Amino acid sequence: MAERRILALDLPRFAVDRAIRREPALADAPLALWTAEGPRRLITATNEHAGIAPGTPLADAQAIVPGLITRPADPAGDAATLRALATWCGGFTPLVASAPPDGLVLDITGCAHLWGGERPMLAEIARRVRGLGVAVRAAIAGTAAGALVLARGADGAIVTADRQAAAVAALPVATLRLDPDLAELAERFGLRRIGDLAAQARGPLARRLRPATLTLLDEVLGRSRRPITPIRPAPPAEATLDCAEPILTAEAIGAGIARLTARLCDDLIGRGEGVRRLTLTCLRTDGTVQRIGIGTGLASRDAAHLARLLAPRIERIDPGFGIERMVLAAEVEPLDGRQAGLPGSAAAAATRREALARLLDRLRGRLGARAVVRLDPVPNHWPEQAVQPADPLAPPRPAPSAGQARPVRLARPPRRIDGVSLLPDGPPVRLGTMRVRRAEGPERILPPWWQFGLREAPRDYWRVETENGQRLWVFARRRDGTPEWFIHGWFG
């Protein structure tokens, strides 16, 4: 099994960098962010021009630095931006996790060779993050905790699993980011380096600095490993396209989609799988992400068909200042190869079903998934409620026996019409301006027992033919003995 390799990004001034991205004029001014803790306002982050330590009361900070510019901290916005940045890093590896409040962890196992090795990959990722206006420190190790500690204390370090413990032992305890009271206690005991902690007896250390500190120490030293929780699971199949120059037009995006779908489908043919859902992620040069997706009725690896489904959604993509990478991820299921087969054979029927599925996929793409359904019969007292939407490709539901002929088209809801009958319970002889030539019935349909006599009354249905040749399905509903006539359907 390959050794796990984790690349960590530490963003030491993330909150301040985000504030400067919103207000570029603050870049060269002393800036501090503050938050309220009860009645006090405390500094939480500053840039290099402020010279104030976090935790300083806001009033004291303004007295020390008269020209200090202050802004309220926005932890929720910082967390959302960190998650968006983690999604953007998904262009380098599918397994990316956030390490709040200002860190990211990338599992690059098996990915580094695509970038020429671990060092070029680390340098390229750091360069691109700095290009977004975010300060970054990076390191690679065998565990996530170890890589984060190295990034904070030894920017650019790349260590193997057997050298990880020695590399982190010389780093300050502050890089562990313990709770302030635990960090103060360790300082009082003279434990200033991670190696000093590692040299202590585990029992007394756990009593003084809590068992969670021992767990963190083991992960940092590489003695134990905790799996990362990626912001999204790794897709079963994926194709990536790096753009030589940032692309800005719909035509260029469409050409990229065509290349990605062809590459993805070639891979799926060898794996005996087909696409059920596609998600196209476009990584922009400003660090933001645009995403579109489509689904298929049946598993497919027809590249032209998949590209055709994505094409109408290209207009939803805002390229901004340019798209530098496109990632096409697929949810798949097994799909065996088939021959066309002779007419009437099972293979020919499967081919026709696939053609129908492609047509339905295109209709759903234009009209929406809810607009393309099949109505299946279900048992119900009222005819207008005796159907429900179903997937057109699903096996048909057997129709309940109605006992009487039913029209091919129903009015929803039934249409009220003036009717005349010669007898109280007899058929209609006139409906509106139409004279009835012949009638057959009645067929009485009762409401559900819990509605009987309350909101609904029994209906007496008649199949009638008018003088102008229309064949209608009508019913009379009697309240207080007076019939009310409705047209409910038309026979073909």
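## A nonpolar surface patch

Leu 367 is exposed, its relative accessible area being 56%. The model in which this value was computed is a predicted one.

In soluble globular proteins, nonpolar side chains tend to be buried together. Leu 367, with a relative accessible area of 56%, is over the 50% limit and therefore counts as exposed.

## The largest nonpolar core

The largest nonpolar core has 33 residues, and those with the most contacts inside it are Leu 150, Leu 176, Ile 194, Leu 197, Leu 205, Leu 209 and Val 220. Two or more residues of this core are given by each of the strands β1 and β7 and the helices α5 (144-153), α7 (180-188), α8 (194-198), α9 (202-209) and α10 (211-221). Which element gives the largest share of this core? That share, seven residues, comes from α5.

## Salt bridges between separate parts of the chain

Side chains of opposite charge can pair when their charged atoms come close. A search of the whole structure finds 39 salt bridges, and three of them are described here. In one, Asp 107 pairs with Arg 4, with 2.3 Å between the closest N and O atoms. This pair links distant parts of the chain, since Asp 107 lies in strand β6 (residues 103-107) and Arg 4 in the segment before β1 (6-10), 103 residues apart. Asp 107 is buried at a relative accessible area of 7%, whereas Arg 4 is partly exposed at 27%.

In another, Arg 137 forms a salt bridge with Asp 10, and the closest N and O atoms are 2.4 Å apart. Arg 137 lies in strand β7 (residues 137-141) and Asp 10 in strand β1, so the pair ties together parts that are 127 residues apart in sequence. Asp 10 is buried, with a relative accessible area of 0%, while Arg 137 is partly exposed, with 26%. Arg 18 and Asp 74 also meet through their side chains in a salt bridge, at 3.2 Å from N to O. Arg 18 is in helix α1 (residues 14-22) and Asp 74 in the loop between β4 (69-72) and α3 (75-89), so this bridge connects parts that are 56 residues apart in sequence. Here Arg 18 counts as buried at 15% relative accessibility, and Asp 74 as partly exposed at 30%. Salt bridges that share partners also join Asp 10, Asp 102, Arg 137, Arg 152 and Arg 177 into one network.

## Cysteines without disulfides

The search of the whole structure finds zero disulfides. Cys 89 is in no disulfide, and the nearest cysteine sulfur, that of Cys 111, is 13 Å away; Cys 89 is buried, with 0% relative accessibility. Cys 265 is likewise in no disulfide, the nearest cysteine sulfur being that of Cys 282 at 17 Å. Cys 265 is buried as well, with a relative accessible area of 3%.

## Helix α12 and its start

In helix α12, which covers residues 303-310, the buried residues include His 305, Leu 306, Ala 307, Leu 309 and Leu 310. At the start of this helix, a side-chain oxygen of Asp 302 reaches to within 3.2 Å of the backbone nitrogen of Ala 304.

Is Glu 443 buried or exposed? Glu 443 is buried, because its relative accessible area of 12% falls under the 20% limit. Glu 443 lies in strand β17, which covers residues 434-445, and its side chain makes a polar contact of 2.8 Å with the side chain of Arg 406.

Asp 460, in strand β18 (residues 459-466), also counts as buried, at 7% relative accessibility. The C-alpha atoms of Asp 460 and Ala 135 are separated by 78 Å, and these two residues are 325 residues apart along the chain.

Terms used:
Residues numbered from 1 in each chain as written. Predicted model: local features only at pLDDT ≥ 70, side-chain atom pairs only at ≥ 80, totals over all residues. Heavy atoms only, no water. Helix = DSSP H or I, 4+ residues; strand = E, 2+ residues; numbered from the N terminus. Buried < 20%, exposed > 50% of the residue type's maximum accessible area, 1.4 Å probe, protein only. Polar contact = N/O pair within 3.5 Å; in protein donor to acceptor, adjacent residues only side chain to side chain. Disulfide = S-S within 2.5 Å. Salt bridge = Lys/Arg side-chain N within 4 Å of Asp/Glu carboxyl O. Core = buried A, V, L, I, M, F, W, Y, C linked by side-chain atoms within 4.5 Å.
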